[in-house]
Amino acid sequence: MAIVFDSPSKCCALILFFIYLANSSIEATYGGFSIDLIHRDSPNSPLYNPNETPLDRFNNGIRRAFSRINRLNLTSSSVHPNAAAETSVSTDNGQYLMKLSIGTPPVDIYGIVDTGNDLMWTQCQPCEQCYKQTNPIYNPAASSSYSTLSCQSAQCHLLGSVSCSPQQLCDYTYGYGSGALTKGVLSTETVTFGSTSIKNIIFGCGHNNTGGFNPNEMGLVGLGATDLSLASQVSSQLGSKKFAYCLVPFHTNPSITSKIYFGDKGEVSGAGVVSTPMVSKDDKSVYFVTLEGISVGDKLIPFSSSGAAPKGNVFIDSGVPPMLLPTDFYNRLEQEVKSLIKLTPYQDPKTGTQLCYQSQSMSDIAPAMSAHFDGGVELPLIATSTFISPEDGVFCFGMNPKDGDEGVFGNFAQSNILIGYDRDKQIVSFKPTDCTQQ
């Protein structure tokens, strides 16, 4: 999670950062661009395991979701100023990957995409202590466009938990709740997305990376809500603090990819668009919004049974598959779902306590459901995002209970919705869309 600086120097740092962006060179034309997102379970993904069944992938996705949420146990106010910055990402849990290239000449990187994380980083040579990586490790000495940041630079202090090396470089330490760490030097590089190259992107060049990382994980791509995230840096250089993505449903043909859009292409507009305010909380990296409730059929199940929904009670997370809801809210919602489904729940040790049904057709299972957000927003949820089929003839509820007061709007529920983040207007916009046609 991001560390918040309360000193006046932070304000100056941000001003200098925007000046820096304004003077950065960019080879992309203004307007923006789009690139593919690769689901981790696609055959096109380096994380793909051909031995896993759809049921394995469904169960593993839920397992990774709770592994990730269990690591959301610190806020910036509870982190000691000399401690590593705690992030909301756990290792080996990303659901979508972004293929990009870094350096000159370019080196391909597959990074885990995460809307709850700011720092983009990759393993770098020379490795003091690196986890085993299948693909070649990026060598900054071989790139003509690589540059380190000094610890006196404004950009250095956009990240918490940095220090000066003996060479006056901006050393960083970025920690995970699992005990995993990446340590290295904050640097700048040219990053290439397909045919679009953008110079002077700040990233972590990790020389000491430890923990339970997968050998096919080459780092993380932070799309979080601060100025340091890749989404913010790219969009700002394109003249617009916007980005958007459209995620295809769970069982989509793997040849069809999800898309992410930067700059003006990240504008979500037209018929059917609804928008809700972002809510600022202690964790500045995460996109919080307010979920008023979820309707099942014609009945609205409120988020809180005792009054108005707390502001910023859910965050939108691209790295978690199911929607995770506080236990009381989930129990009331599940009870209403069960009351509308005229079938006996399916019990199987392979699906555990998940609410599942056996049927030959989705139409016999999923009731009409909508998420209701602050601002009078009603967002229909497609049947294939509320009930997931982990195996033929079985359909399982794509939501789960969790401890605590905050929920997570996961990527099952986000499928077939064009979701846009506009940090200038501080809104998140939703547009029901056939993402397979984007």
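Strands here are DSSP runs of E with at least two residues, and helices are runs of H or I with at least four, both numbered from the N terminus. All views show a predicted model.

**View 1. The loop between β6 and β7, with Ser161.** Ser161 lies in the loop that links β6 to β7 (162-164). Although Ser161 is not a glycine, its phi is positive, at about 55°. Most residues other than glycine have a negative phi. The relative accessibility of Ser161 is 15%, so this residue counts as buried, the cut-off being under 20%.

**View 2. Asn200 in strand β10.** Asn200 belongs to strand β10, which spans residues 196-210. Its phi is positive, about 60°, and Asn200 is not a glycine. With 27% relative accessibility, Asn200 counts as partly exposed.

View 3. Most peptide bonds are trans. The bond from Thr104 to Pro105 is cis, and its omega is near 5°. Pro105 sits in the loop between β3 (96-102) and β4 (107-114). The bond from Gln125 to Pro126 is also cis, with omega near -5°. Pro126 is placed in the loop between β5 (121-123) and β6 (147-148).

**View 4. The largest nonpolar core.** This core has 92 residues. The members that touch the most others are Met98, Phe193, Phe262, Phe373, Phe387, Met399 and Phe409. Residues come from both domain 1 (84-238) and domain 2 (268-432), so the core lies between the two domains. Another core, of seven residues, lies apart from it and includes Ala244, Cys246, Val248 and Cys435.

**View 5. Surroundings of Phe387.** Phe387 is one of the residues that touch the most other members of the largest nonpolar core. When neighbours within four places in sequence are left aside, the contacts of Phe387 include Val337, Ile341, Tyr357, Met362 and Ile365. Ala366, Pro367, Phe395, Cys396, Phe397 and Gly398 are also in contact with Phe387.

**View 6. The hairpin of β23 and β24.** Strand β23 (residues 387-391) and strand β24 (residues 394-397) run antiparallel and are joined by three bridges. Within this pairing, Phe387 has Phe397 in β24 as its bridge partner. Two residues separate the strands of the hairpin, and Gly393 in the turn has a positive phi of about 80°. Four of the five residues of β23 are buried, so this strand is largely enclosed by the rest of the structure.

**View 7. An open sheet of four strands.** The strand order is β17-β16-β21-β22, and the pairing is antiparallel. At the edges stand β17 (299-302) and β22 (377-381); each has a single partner strand, so one side of each has no neighbour in the sheet. From one strand to the next the twist averages 25°. Five bridges connect β21 (residues 369-373) with β22 in the antiparallel sense.

**View 8. Pro401 and Leu325.** Pro401 is part of strand β25, residues 399-402. Its relative accessibility is 30%, so Pro401 counts as partly exposed. Along the chain, Pro401 and Leu325 are 76 residues apart, yet their C-alpha atoms are separated by 5.0 Å.

Definitions and conventions:
Residues numbered from 1 in each chain as written. Predicted model: local features only at pLDDT ≥ 70, side-chain atom pairs only at ≥ 80, totals over all residues. Heavy atoms only, no water. Core = buried A, V, L, I, M, F, W, Y, C linked by side-chain atoms within 4.5 Å. Buried < 20%, exposed > 50% of the residue type's maximum accessible area, 1.4 Å probe, protein only. Domains from an automatic or database assignment. Contact = heavy atoms within 4.5 Å. Pairing = 2+ DSSP bridges. Axes fitted to C-alpha atoms, helices over the stretch in contact; angles between N-to-C directions.
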